[in-house]
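Me: I would like to learn how to read a few features of a model, one at a time, with the general idea before the case at hand.

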Amino acid sequence: MKNVILKTKDLCKSFAHNGGQLHIISNVDMQLYEGDFTVIMGASGSGKSTLLYALSGMDSATSGSVMYGDTDITGLNEKKLAELRHRDFGFVFQQMHLVSNLTIFENVAVAGYLNKTVSAKQTDERVSELLEKMNISHIKSHLPSQVSGGEQQRCAIARAVVNKPKLIFADEPTGALNRKNSQDVLDLLTELNKEGQSILMVTHDLRAAARADRILYLSDGKILGDLNMPPYVPQEIKSRETQINAWLTSLEW
């Protein structure tokens, strides 16, 4: 049986709106499992990114709990949340948020230097290994503005995993990329998952969702569907997309 890495109970997120409350996430109960590649899908405005941010502690919940191990992260102060995110979570976004005046190597290394449990030399060795793995070691001295969007996103993935996080949160990581670069980024995430990395990704793209072994469907802030898939095999991508599309259609996607 798989171990639960994160779970929620009655998770809600709402905002004041026109004198009332606008409910974005409504009483969500869910579990994420170690080693899974989980995808959250849903129509625009369904609350996908809001849920991701609440699960990761990047945004506060209105009520309910998010349990990471024995810790309810909704009860942590900002300092403790920052420590948790830095130590155990990795983040990849649609916009890469690289530091413009740092090189590709430095953008990854800075995140590693904040980890006081390893030396700067160990971090530099880890960064070099990751840049090789991401196939961007040849541009390590370039600034972000001097490389392609796909190379920037690969740098962002390296930064996300430099501290060996327990869980990666990815919010539309291929949303700003062309088809070839999207494929490369998805290949990297798939490889990381096969090596044991737990991933939670928000996407609206069937090609991206086809990499998952579990898909959650969110509608009006509630999880309406949960689809388990067999391990990803590249040769079966079209049949996986067809299966996911049929499932989404049944949920009135």
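Me: In which helix is the place of Ser-56?

Reply: A word on the source comes before the answer: this is a predicted model, in which local features need pLDDT of at least 70, side-chain atom pairs count only at pLDDT 80 or more, and totals for chains, interfaces and linings use all residues. Residues are numbered from 1 along each chain as its sequence is written, and side-chain values use heavy atoms, with hydrogens and water left out. Helices (H or I, at least four residues) and strands (E, at least two) are DSSP runs, numbered from the N terminus, and Ser-56 is found in helix H1, residues 48–56.

Me: Is Ser-56 buried or exposed, and which residues does Ser-56 touch, not counting residues up to four places away in sequence?

Reply: Buried means under 20% relative accessible area, exposed over 50%, and partly exposed in between (1.4 Å probe, protein chains only). Ser-56 has 1% relative accessibility and therefore counts as buried. With contact meaning heavy atoms within 4.5 Å, Ser-56 touches Ile-73, Arg-85, Phe-89, Phe-91 and Phe-169, leaving aside residues up to four places away in sequence.

Me: How should I read a positive phi in Asp-10?

Reply: Most residues other than glycine have a negative phi. Asp-10, although not a glycine, has a positive phi of about 50 degrees; Asp-10 belongs to strand S1, residues 4–17, and is partly exposed, with a relative accessible area of 34%. Asn-135, also not a glycine, has a positive phi of about 60 degrees and sits in the loop between H4 and H5.

Me: Why is H5 largely enclosed by the rest of the structure, and what covers its buried residues?

Reply: Twelve of the 13 residues of H5 are buried, so this helix is largely enclosed by the rest of the structure. The cover over the buried residues of H5 includes strand S6 (89–93), helix H3 (104–113), helix H4 (120–133), strand S7 (167–171) and helix H6 (179–194).

Me: How many cavities of 30 Å³ or more does a search of the whole structure find, and which residues line the largest cavity?

Reply: Rolling a probe the size of a water molecule over the atoms shows where empty space is left. On a 1 Å grid over the protein atoms alone, a cavity is a set of points where a 1.4 Å probe fits but cannot get out, and lining residues have an atom within 4 Å of a point. The search finds one cavity of 30 Å³ or more. Arg-179, Ser-182, Gln-183, Leu-186, Asp-205 and Arg-207 line the largest cavity, and H6 gives the most to that lining, with four residues.

How values were computed
On a 1 Å grid over the protein atoms alone, a cavity is a set of points where a 1.4 Å probe fits but cannot get out, and a pocket is an open set with protein on both sides within 12 Å along at least five of seven lines; lining residues have an atom within 4 Å of a point. Grid points are joined across faces, edges and corners, and a volume is the space filled by probe spheres set on the points.
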